[in-house]
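Please walk me through this model in the viewer, one selection at a time. Tell me what to pick next and what is found there.

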Amino acid sequence: MSAPEGDAAATAEAVARRSYGKLVAFLAARTRDVAAAEDALSEAFASALADWPRSGIPESPEGWLMTAAKRKLIDRARRAKTKDAAEPQLALMAEELGEMDTQDIPDKRLALMFACAHPAIEESIRAPLILQTVMGLSANAIASAFLTSPAAMAKRLVRAKDKIRDAGIPFEVPGREELAPRLSAVLDAIYATFSEGWSDPSDFDDVRRDLTGESLFMAQLVVQLMPLESEALGLAALMLHAEARRAARRDAEGEYVPLAEQDVTRWNIEQISEADILIRRAGGIEGLGRYEVEAALQSAHALRRLTGRNNWAEIVALYDALLAMQGSPVVAINRALAIAEIDGPTIALDALPHPDSDARLANYQPYWAARAELLARWGAAAEAAQAYDLAIGLERDPAVRTFLLKRKARLGH
Amino acid sequence: MQYMLLLYSDEKAWATFSPAEQKAGLEQYAAYGEALRKAGAYVASDRLRDIKTATTVTVVSSKPQVMDGPFADTKEQLGGYYLIEAKSLDEAITWAARCPGASHGHVEVRPVWPMAGRADG
């Protein structure tokens, strides 16, 4: 490949990464046809790769791609529809195309996110849908992140896009009265993406590592577009705190290091202060939500390690608040671990939820890991060993498995 | 539904592990089997001996032909399997991702094709 061609390819790729969601959102906003917008855009990228090496990289690559994609959309509409049905839409598009200021493409990504996380869209496909349409990730990458088959994921994404088009799901930010539940669906989808990425902090899984970056970008985008929503601020802060500790979660040998033993000099202090600024901003806004409390928890954990101050009572109080809000067994597990730091393992074991009351816990790795730690501290070596075995058997990160094997070996059982 | 998890990995790598690493590896497999049993997902599993012990048989024109070695020479070899019970492909994929074999090789997930009229089926 000659140098200019390489430049053109690199520019096209950079524009694709930076502008993909913006272009898809803008193209689909009028027609609600996300799949058609994506197809037109990918054809436009192909044209760019053919054209730019010859004619040079345009002054506004984004605007060039938008114009090319619009033409493709119009061509397609001409081919697909009868003249009568297509005419009004075509006229509108042609008009816009003529007068479009390519430097200033309106940002409809938030509207696209709200369409993807609409209540009519099945909850489990919302996060994958946002990843594909806003971030431009492939169905294959998304399937790996969510541990599902690529063929099935591709089919579900197509079905969801059909639904957006056929059911007339609006591309708009909802009004005040329904904003809170709708925004929390968007934030939950972003957080689901982040958690999938976070589950593998090791450097060899590019898909997962990128997912945390992509989802952090999306959370920051929501903050930028809705700066007065405390839950959006809380989510971005929560993710920044987690991200700030990424490097410290592995030692030089690539082994897993728990929070209590992390080398705080490897934490990203800029990200931590950025997170704390967001938390203070959220604190100044009325209302208290799940993400704001979770962000406060992360901040408290970071502060304890940075200053050595014992703040477990404050942490338990925050978990109490979160448990009252959410009632999730995941929160109850973390609360029990915090209780152990104040009242010891016996009381903490009583506070731990039980698989009898929630069947999901039986296959939930963090439950068995927490139970094993508490039993080990309590001195019940045989029971702890059994719990460690389940925690190891249910874990998919080899570094964490090795860490748990070492913990189990310390039982001397 | 039953799924077969077929574990492929470079079996030569195992010989390069220290005894401690081999012990840790076996412990991880034991823990994985334990988790499968606890979850009621375990049906059967076995580890296979090295590929050099393989013999391949085919009958061509009514005549059996027996060859030393595997049917296909590949970089990673079938080293064992887990037969599991799972509600869906996604659940089977979740178990495959937890399998230690997925971190040092590849796990192929295949749904079992139930055969009608089989005495045990």
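**Start on the sheet of chain B**

Select Leu7(B) and look across to E6(B), where its bridge partner is Val107(B). The model in the viewer is a predicted one. Now extend the selection to the whole of strand E1 (residues 2-9) of chain B: seven bridges join E1(B) to E6(B), and the two run antiparallel.

With this pair displayed, bring in the helices. H2(B) packs on the sheet and touches E2 and strand E5 (77-85) of chain B. The direction of H2(B) makes about 160° with that of E2(B). H3(B) packs on the sheet as well, touching E1, E5 and E6 of chain B. For H3(B), the angle with the direction of E6(B) is about 160°.

Next, show the strands of the sheet together. In what order do the strands of this open sheet lie? The order is E2-E5-E1-E6 in chain B, four strands with antiparallel pairing. At the edges are strand E2 (42-47) and strand E6 (105-111) of chain B, each of which pairs on one side only. Direction ignored, neighbouring strands of the sheet are turned by 20° against each other on average.

**The hairpin of chain B**

Move on to strand E3 (residues 55-60) of chain B, which is joined to E4(B) by six bridges in an antiparallel arrangement. Pick Val57(B) to see one of the partners: its bridge partner in E4(B) is Val66(B). Between the strands of this hairpin there are two residues, and Ser61(B) takes a positive phi near 50°.

Is strand E4(B) enclosed or in the open? Select residues 63-68 of chain B: of these six residues, the number buried is zero, so the strand lies largely in the open.

**Chain B as a whole**

The C-alpha trace spans about 50 × 45 × 20 Å along its principal axes. Chain B has 121 residues, of which 20% count as buried. Among its contacts between residues at least 6 apart in sequence, 75% join residues at least 24 apart.

**Where chain B meets chain A**

Display both chains and select the residues at the contact. Chain B gives 16 residues and chain A gives 17. On the side of chain B that touches chain A, the elements that give two or more residues are helix H2 (19-38) and helix H3 (89-98) of chain B. Which element gives the largest share of that side? H2(B) does, with eight residues. Colour the side of chain B that touches chain A by class, and eight residues come up as nonpolar, three as polar and five as charged.

**Into chain A**

Of its 413 residues, 42% count as buried. In the contacts of chain A with a separation of 6 or more, residues 24 or more positions apart account for 62%.

Colour chain A by its domain assignment: domain 1 (3-105), domain 2 (108-226) and domain 3 (363-413). The C-alpha centres of domain 2 and domain 3 of chain A lie 33 Å apart.

**Two enclosed helices**

Select residues 109-116 of chain A, helix H5. Eight of the eight residues of H5(A) are buried, so the helix is largely enclosed by the rest of the structure. Among these buried residues are Arg109(A), Phe114(A) and Cys116(A).

Go on to helix H6 (residues 123-133) of chain A. Nine of its 11 residues are buried, so H6(A) too is largely enclosed by the rest of the structure. The buried residues of H6(A) include Arg126(A), Pro128(A) and Gln132(A).

**Last stop: Ala16(A)**

Select Ala16(A), which lies in helix H1 (residues 3-31) of chain A. Why does Ala16(A) count as partly exposed? There are 19 other C-beta atoms within 10 Å of Ala16(A), and a residue is buried if 20 or more lie within that distance.

Leaving out residues up to four places away in sequence, Ala16(A) touches Phe45(A) and Gly136(A).

Conventions: Residues numbered from 1 in each chain as written. Chains lettered and ligands numbered in written order. Predicted model: local features only at pLDDT ≥ 70, side-chain atom pairs only at ≥ 80, totals over all residues. Buried ≥ 20, exposed ≤ 12 C-beta atoms within 10 Å, placed from the backbone. Contact = placed C-beta atoms within 7 Å. Nonpolar A, V, L, I, M, F, W, Y, C, P; charged D, E, K, R; others polar. Pairing = 2+ DSSP bridges. Domains from an automatic or database assignment. Axes fitted to C-alpha atoms, helices over the stretch in contact; angles between N-to-C directions.
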